[in-house]
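Look at the fold first, then follow the text from the whole chain down to single residues.

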Amino acid sequence: MRSTDLQSILASASFGATAEQRGRDRQFSLQNGFHLYTKLKLKALLTDPENVEKAARYLRVVEVFSKASEQACQISGCVLLEVQGHVHHFFVPCEAPDHGKLFGFAASLNVLAYDVIQPVAGDGWNGFAVTAEFGDSIVLATTSGSVISLGPCANNPAKKLHDGTASRTLTYRNTDAGVWSTRVLPQTVQDYAADSMGFDSGYQALASETRRILAATRVPDVTFLRGDANLATDLWQRPVRVQGHFARADLNGFTALVKEAFSSSNKPAAVA
């Protein structure tokens, strides 16, 4: 295993990178910061659409959500690690727990969700929630182009979000007490300005600036390819409507093994 910086890991997993570049030297990066997960709480009429119109609206929501997240990261210096439909995984780099930075970024994302994405979702909207935890983690890229984060602080917020958290809130693990705390997030830019206590002031304009950039960026209309399209290549360009069985596999006990490795002094053993 070879240690490298985070940007090298992200570059090796970017679109256009070859399989050789992605798997080169089995690189990893040990990082400190907050792992932050966000979830658009969408109703079943969008997440389990019964017609093409609703499926297209869901994909448009996901597209706008992704563009908003990318712009927010470019402005803030935070990192978008994974896009899993209406769930996004971010990394907020900081050597020590910077709650002002965490609160500011989470608040900005919440304002964007309600201001920009809710109108696109329409009657399929059901809220927005954020979870986070600070700690050290290992980030690496796979030959398939995915970015993987290993460590309790990268895993716990995802589980917390899956278990269910209230809309318009940030649920985060308090580093000192080791317990989960909840903070209500502002819904508008005006709310942010009125309740900025604990927020990093540098983030106050982030939602407004991201909204301005999105307004000048055209999000293409969703069109579906035929079901006999080449899934290996065409999915990069546009969605394909298919019918079939979808299977998902998971390694039993893997989370416990990673947790054990992170409790030792040799954290890269978690990768091996």
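Helices and strands here are DSSP runs, numbered from the N terminus; a helix has at least four residues and a strand at least two. The model is predicted.

**The chain as a whole**

The protein chain has 10 helices and eight strands. It holds 272 residues, and 43% of them count as buried. Consider the contacts with a separation of 6 or more: 68% of these join residues 24 or more positions apart.

**The nonpolar cores**

How many residues does the largest nonpolar core have? The number is 45. L36, L40, F105, W125, F128 and L170 have the most contacts inside this core. Several elements give two or more residues to it: the strands are β2 (27-42), β4 (87-93), β5 (125-141) and β7 (169-173), and the helices are α4 (52-76), α5 (99-121), α7 (189-194) and α8 (206-215). Helix α5 gives the most, with 13 residues.

**Helix α5 and its two partners**

Two packed helices are described by the angle between their axes and the distance between the axes.

| Helix pair | Axes come within | Crossing angle |
|---|---|---|
| α4 and α5 | 10 Å | roughly 150° |
| α5 and α8 | 9 Å | roughly 40° |

Take α4 and α5 first. Their axes cross at roughly 150°. Angles over 145 degrees count as roughly antiparallel, so α4 is roughly antiparallel to α5. The crossing of α4 and α5 is right-handed. On the α4 side, the contact is made by R57, R60, V61, V64, F65, A68, A72, C73 and S76. On the α5 side, F105, L109, L112, V116, I117, V120 and A121 take part. By class, the residues of this contact divide into 13 nonpolar, one polar and two charged.

Now turn to α5 and α8. Their axes cross at roughly 40°. That angle makes α5 oblique to α8. The crossing of α5 and α8 is right-handed. From α5, the contact uses S108, V111, L112, D115 and V116. From α8 come L206, A207, T210, R211 and L214. Here the classes are six nonpolar, two polar and two charged residues.

**Buried residues, one by one**

Is A129 buried or exposed? A129 counts as buried, because its relative accessibility is 0% and the cut-off for buried is under 20%. Beyond its neighbours within four places in sequence, A129 is in contact with Y37, T38, K39, K41, L161, T165, A166 and T169. One of these, L161, is 32 residues from A129 in sequence. The C-alpha atoms of A129 and L161 are 7.7 Å apart.

T4 lies in a loop, between β1 (2-3) and α1 (6-12). T4 also counts as buried, at 16% relative accessibility. Leaving aside neighbours within four places in sequence, T4 is in contact with I9, Q27, F28 and S29.

**Partly exposed residues**

V83 belongs to strand β3 (residues 79-84). It is partly exposed, with a relative accessible area of 43%. Apart from neighbours within four places in sequence, V83 is in contact with S66 and H88. V83 and V62 are 21 residues apart along the chain, and their C-alpha atoms are separated by 9.0 Å.

T217 is in the loop between α8 and α9 (231-234). With a relative accessible area of 30%, T217 is partly exposed. Where does K67 stand relative to T217? The two are 150 residues apart along the chain, yet 9.0 Å separates their C-alpha atoms.

R168 lies in the loop between α6 (152-163) and β7. R168 counts as partly exposed, at 27% relative accessibility. Its backbone deserves a look too. Most residues other than glycine have a negative phi. R168 is not a glycine, but its phi is positive, at about 65°.

Technical notes
Residues are numbered from 1 along each chain as its sequence is written. This is a predicted model: local features need pLDDT of at least 70, side-chain atom pairs count only at pLDDT 80 or more; totals for chains, interfaces and linings use all residues. Side-chain values use heavy atoms; hydrogens and water are left out. A nonpolar core is a set of buried Ala, Val, Leu, Ile, Met, Phe, Trp, Tyr and Cys residues joined through side-chain atoms within 4.5 Å. Buried means under 20% relative accessible area, exposed over 50%, partly exposed in between (1.4 Å probe, protein chains only). Axes are lines fitted to C-alpha atoms, for helices over the stretch in contact, and angles run from 0 to 180 degrees between N-to-C directions. Angles under 35 degrees count as roughly parallel, over 145 as roughly antiparallel, 65 to 115 as roughly perpendicular and the rest as oblique. A crossing is left-handed if the near helix is turned anticlockwise from the far one by less than a right angle, and right-handed if clockwise. Contact means heavy atoms within 4.5 Å. Ala, Val, Leu, Ile, Met, Phe, Trp, Tyr, Cys and Pro count as nonpolar, Asp, Glu, Lys and Arg as charged, and the others, Gly among them, as polar.
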